[in-house]
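User: I'd like to learn how to read aromatic contacts and pockets in a model. Could you walk me through them?

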Amino acid sequence: GNSVTQMEGPVTLSEEAFLTINCTYTATGYPSLFWYVQYPGEGLQLLLKATKADDKGSNKGFEATYRKETTSFHLEKGSVQVSDSAVYFCALYRKTSYDKVIFGPGTSLSVIP
Amino acid sequence: NAGVTQTPKFQVLKTGQSMTLQCAQDMNHEYMSWYRQDPGMGLRLIHYSVGAGITDQGEVPNGYNVSRSTTEDFPLRLLSAAPSQTSVYFCASSYGGTGSYEQYFGPGTRLTVT
């Protein structure tokens, strides 16, 4: 079946460090891929998405490239800030018998000054 | 726009009690969903609705009921609470299918069942 695997963390980085959060997926065909972010005490917000192979999603300095050959959608940011501290969820959508998005377990990121 | 609102923010129930978690959105979205969030498991879909009067089960529907009498509201009912239902519950809405459109999430309800 469809599934998403991501590093669970927690990940702790110093401010201005480079961030990579790995995400790989299992799905037939060509799913749409997403990164959502959850700030403390809030609901999830869409960070970026890609709908076909080799697409790059980007937002707020974050980027992720849809790699069909490695079934991956790794999240990267060149220089993290304290305000980036949050939980990041990788997710996929593939139309099956019902309309749903499959979320990974989430990766907690803490950025320290 | 208030977006997606959920009430209450926190709730403690005893085993066997019933309650309704409220969810409302003011964006005229057709799609609404309920998820539960448990540590290490991401979000799991409980029930969803593709429009007023239409609901369907997600991957973990047992112990929960939903109805959708209006576009705006999508309440989640716990009929007889169990400790296994201790979780954080999120309501979400989207303009169209969840694969095509961004989902907007409410702030969540933290439920503890003792």
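Analyst: Happy to! This is a predicted model. Let's start with a definition: rings of Phe, Tyr and Trp pair if their centres lie within 6.5 Å. Here, A:Phe34, A:Tyr36, A:Phe103, B:Tyr35 and B:Phe105 form one aromatic cluster.

User: How many aromatic pairs are there over all chains?

Analyst: The search of the whole structure finds nine. Among them is the pair of B:Tyr35 and B:Phe105, with 5.8 Å centre to centre and 35 degrees between the planes. Planes under 30 degrees apart count as stacked and over 60 as edge-to-face, so this pair is classed as tilted. B:Tyr35 belongs to strand β4 of chain B and B:Phe105 to strand β10 of that chain, 70 residues apart, and the pair links these distant parts of the chain.

User: Are B:Tyr35 and B:Phe105 buried or exposed?

Analyst: B:Tyr35 and B:Phe105 are both buried.

User: Which rings have a charged end sitting over them?

Analyst: One is A:Tyr30, where the charged end of A:Lys68 lies 4.4 Å from the ring centre. Another is B:Phe74, with the charged end of B:Arg68 over its ring at 5.9 Å from the centre.

User: And the largest pocket: which residues lie nearest its centre?

Analyst: Those are A:Gln38, B:Gln37, B:Val88, B:Phe90 and B:Arg110, out of 27 lining residues. The space in this pocket is about 540 Å³. By type, the lining divides into twelve nonpolar, ten polar and five charged residues.

User: Which strand gives the most to that lining?

Analyst: β10 of chain A does, with three residues. Strands β10 and β12 of chain A and β9 and β11 of chain B each supply at least two.

Definitions and conventions:
Residues are numbered from 1 along each chain as its sequence is written. Chains are lettered from A and ligands numbered from 1 in the order in which they are written. This is a predicted model: local features need pLDDT of at least 70, side-chain atom pairs count only at pLDDT 80 or more; totals for chains, interfaces and linings use all residues. Side-chain values use heavy atoms; hydrogens and water are left out. On a 1 Å grid over the protein atoms alone, a cavity is a set of points where a 1.4 Å probe fits but cannot get out, and a pocket is an open set with protein on both sides within 12 Å along at least five of seven lines; lining residues have an atom within 4 Å of a point. Grid points are joined across faces, edges and corners, and a volume is the space filled by probe spheres set on the points. Helices (H or I, at least four residues) and strands (E, at least two) are DSSP runs, numbered from the N terminus. Ala, Val, Leu, Ile, Met, Phe, Trp, Tyr, Cys and Pro count as nonpolar, Asp, Glu, Lys and Arg as charged, and the others, Gly among them, as polar. Rings of Phe, Tyr and Trp (its six-membered ring) pair if their centres lie within 6.5 Å; planes under 30 degrees apart count as stacked, over 60 as edge-to-face and the rest as tilted. Buried means under 20% relative accessible area, exposed over 50%, partly exposed in between (1.4 Å probe, protein chains only). A charge sits over a ring if NZ of Lys or CZ of Arg is within 6 Å of the ring centre and within 35 degrees of the ring normal.
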